[in-house]
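Here is a short briefing on one protein model. Please look at the structure first, then read the points by topic.

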Amino acid sequence: MVCIRPATLDDLWAMQHCNLMCLPENYQMKYYLYHALSWPQLLHVAEAGNGRIVGYVLAKLDEDSTTTHGHITSLAVLRTHRKLGIAAKLMTAAHDAMRAAFDAKYCSLHVRVSNAAAIHLYVDVLGYERNDIEAKYYADGEDAHDMRKTFGRLVGELDKQEGSDKALVDRLKAMAV
């Protein structure tokens, strides 16, 4: 059994360890701490029943844009726990937090053009769209897809319509937060 929950400061070392085991892009501890102190709502971990952190999502709010939006800095799940839907659940938790805490309009991320499994997750499972390609984005010179997921405003639209089912709107609001 794996539980998705908000990350705490105590989780940062385990998040960094997970990153080192899974990804070629690694960060110093101060970068995790910066995210945790700046956007604590946007960091989530996947915790196994034995208390071990088996995945994480590190996200932030993009402050250099005129449109409020989130950005996924890093997502990783240990190989032993892949193909269980954990990455999708971590991403959904980050998306929900972006919308609830910051009213983000969309979420962006970068992914290696060679990472077919991640591209499948982002496009086919989570509904991201390819926005652009950034040449030589990664330190090893590989290009990255710049991807975006626009958050729907179905709940807000339904809430404004006269004659809409209030119980349905309330249920949708509860699910979105």
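**Pocket, core and selected residues**

Strand 4 gives the largest share of the lining of the largest pocket, with 7 residues. The model is predicted.

**Largest pocket**

- The largest pocket holds about 1,100 Å³ of space.
- A total of 40 residues line the largest pocket. Closest to its centre are Leu23, Leu75, Asn115, Ala118 and Tyr122.
- Which elements give two or more residues to this lining? They are helix 1 (12–22), strand 3 (53–62), strand 4 (69–77), helix 3 (86–102), strand 5 (106–112) and helix 4 (116–125).
- By class, the lining has 23 nonpolar residues, 9 polar residues and 8 charged residues.

**Largest nonpolar core**

- The largest nonpolar core counts 46 residues.
- Met15, Ile72, Met91, Met98, Tyr122 and Tyr128 have the most contacts inside this core.
- Two or more core residues come from each of helix 1, helix 2 (29–38), strand 2 (44–48), strand 3, strand 4, helix 3, strand 5 and helix 4.
- Helix 3 is the element that gives the most to this core, with 8 residues.

**Contacts of Tyr128**

- What does Tyr128 touch, not counting residues up to four places away in sequence? Its partners are Ile72, Met91, His95, Cys107, Leu109, Tyr122, Val123, Met147, Arg148 and Lys149.

**Cysteines**

- The structure holds 0 disulfides.
- Is Cys107 buried or exposed? Cys107 counts as buried because its relative accessibility is 0%, and buried means under 20%.
- Cys3 has 39% relative accessibility, so Cys3 counts as partly exposed. That class lies between the 20% and 50% cut-offs.

**Val125**

- Val125 sits in helix 4.
- Its relative accessible area is 48%, so Val125 is partly exposed. Exposed would need over 50%.
- Leaving aside neighbours within four places in sequence, Val125 is in contact with Ala88 and His120.
- How far apart are Val125 and Ala88 in sequence and in space? They are 37 residues apart in sequence and 7.5 Å apart in space, C-alpha to C-alpha.

Terms used
Residues are numbered from 1 along each chain as its sequence is written. This is a predicted model: local features need pLDDT of at least 70, side-chain atom pairs count only at pLDDT 80 or more; totals for chains, interfaces and linings use all residues. Side-chain values use heavy atoms; hydrogens and water are left out. On a 1 Å grid over the protein atoms alone, a cavity is a set of points where a 1.4 Å probe fits but cannot get out, and a pocket is an open set with protein on both sides within 12 Å along at least five of seven lines; lining residues have an atom within 4 Å of a point. Grid points are joined across faces, edges and corners, and a volume is the space filled by probe spheres set on the points. Helices (H or I, at least four residues) and strands (E, at least two) are DSSP runs, numbered from the N terminus. Ala, Val, Leu, Ile, Met, Phe, Trp, Tyr, Cys and Pro count as nonpolar, Asp, Glu, Lys and Arg as charged, and the others, Gly among them, as polar. A nonpolar core is a set of buried Ala, Val, Leu, Ile, Met, Phe, Trp, Tyr and Cys residues joined through side-chain atoms within 4.5 Å. Buried means under 20% relative accessible area, exposed over 50%, partly exposed in between (1.4 Å probe, protein chains only). Contact means heavy atoms within 4.5 Å. A disulfide is a pair of cysteine sulfur atoms within 2.5 Å.
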